[in-house]
Amino acid sequence: VQRLLTYSRYESLQPELVDANELVDQVVALSRTLLPEKVALVVKQQPDLPTIYADPQQLEQALLNLVLNARDALPGEGRIEVETALAVLGREFCATRPWAKAGRYVQLLVRDNGCGIPPDAREHVYEPFYTTKGFGQGTGLGLATTYNICKQHQGYIDFESELDVGSSFHLFLPVPVAGMVAEPGSRADTALSGGRGELVMLVEDDDLVRNLTRQILEKSGFRVLEARDGEDALEVFMANAAEVKLLVLDVVMPRMDGRQLYDNISELRPGVPVLFCSSYSADILESEYMLQVGGSLPVSYTHLTLPTTGSLCRSRWWPYH
């Protein structure tokens, strides 16, 4: 059930600053109890790695999945290597992997000298419920879950494999930009870099969410125009088009959704900055509302987990400039 929740993105992340070497030590300690005696587990760690901002339990699950997958590829004996390293992905790497973005990453590597992955199975390795193992020996969720965990962390997974030689799986987890994440125990900067009277148009059909967002914006020094749905917002914008500096749009709304509203506003004033927000899953927003990274409307994803009474409320924000 935990793997299904993670794969379907219903499992909320609990990110914190993580030392990759410490995480590997914990996974290795657990893995040794799950491996046959004739399987050697070798650990190679690069010292002084930068910390990453991640959910440690999710990363432990991803790394453990790879170790167990490597174990299952061995005929009862062999060698599994777990390594950490700092990787800098450049243009040459990204040119052959269009899904990758250049930058600094902490790399977690799991290598085995097992049977390898058959060529006809390599394009399916991350598909849920796909497995080459025998009946009762696998769920087909291990690599699918690991892939999704990497994606949720804005990271990547890559592999190489050769029959009867072995396989290597690489997890690339982004190194936070300096100042992007507060150090544990440090006090967040309460003096936010607020506005100076700029006009923001807020469109949200939920009254409670709209009122809360308006209060936050106003306390931060912005003036706020409100609208309950897309059609009302279009009329409000037309009356204040020259003054509006930013659109804050809910994606899913009655009568006219946020994407349609933005397309209409763009015809009146091309290039106006917009911040899309929604509590719907990324899958729904990408498939039904065309909010895709690298798509016709370029977006980047930021996940916010907001505490509420007795539960966790998840929001996703899509900034576009």
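Two strands pair if DSSP finds at least two bridges between them. In strand 5, Leu-86 has Val-106 as its bridge partner. Helices (H or I, at least four residues) and strands (E, at least two) are DSSP runs, numbered from the N terminus. This is a predicted model, where local features need pLDDT of at least 70, side-chain atom pairs count only at pLDDT 80 or more, and totals for chains, interfaces and linings use all residues. Residues are numbered from 1 along each chain as its sequence is written, and side-chain values use heavy atoms, with hydrogens and water left out.

**The sheet**
- Strands of a sheet pair through backbone hydrogen bonds, either parallel or antiparallel.
- Here, 5 strands form an open sheet in the order 2-4-5-7-6, with mixed pairing.
- Strand 2 (39-45) and strand 6 (156-162) stand at the edges, each with a single partner strand, so one side of each lacks a neighbour in the sheet.
- Strand 4 (residues 78-89) and strand 5 (residues 103-112) run antiparallel, joined by 10 bridges.

**Helices on the sheet**
- Helix 3 packs on the sheet and touches strand 4, strand 5 and strand 7 (166-174); contact means heavy atoms within 4.5 Å.
- Helix 5 (residues 142-152) also packs on the sheet, touching strand 6 and strand 7.

**Helix against helix**
- Helix 2 (residues 20-32) and helix 3 (residues 56-72) have axes that come within 10 Å and cross at roughly 50°; axes are lines fitted to C-alpha atoms, for helices over the stretch in contact, and angles run from 0 to 180 degrees between N-to-C directions.
- The contact includes Leu-23 and Val-27 of helix 2, and Leu-59 and Leu-63 of helix 3.
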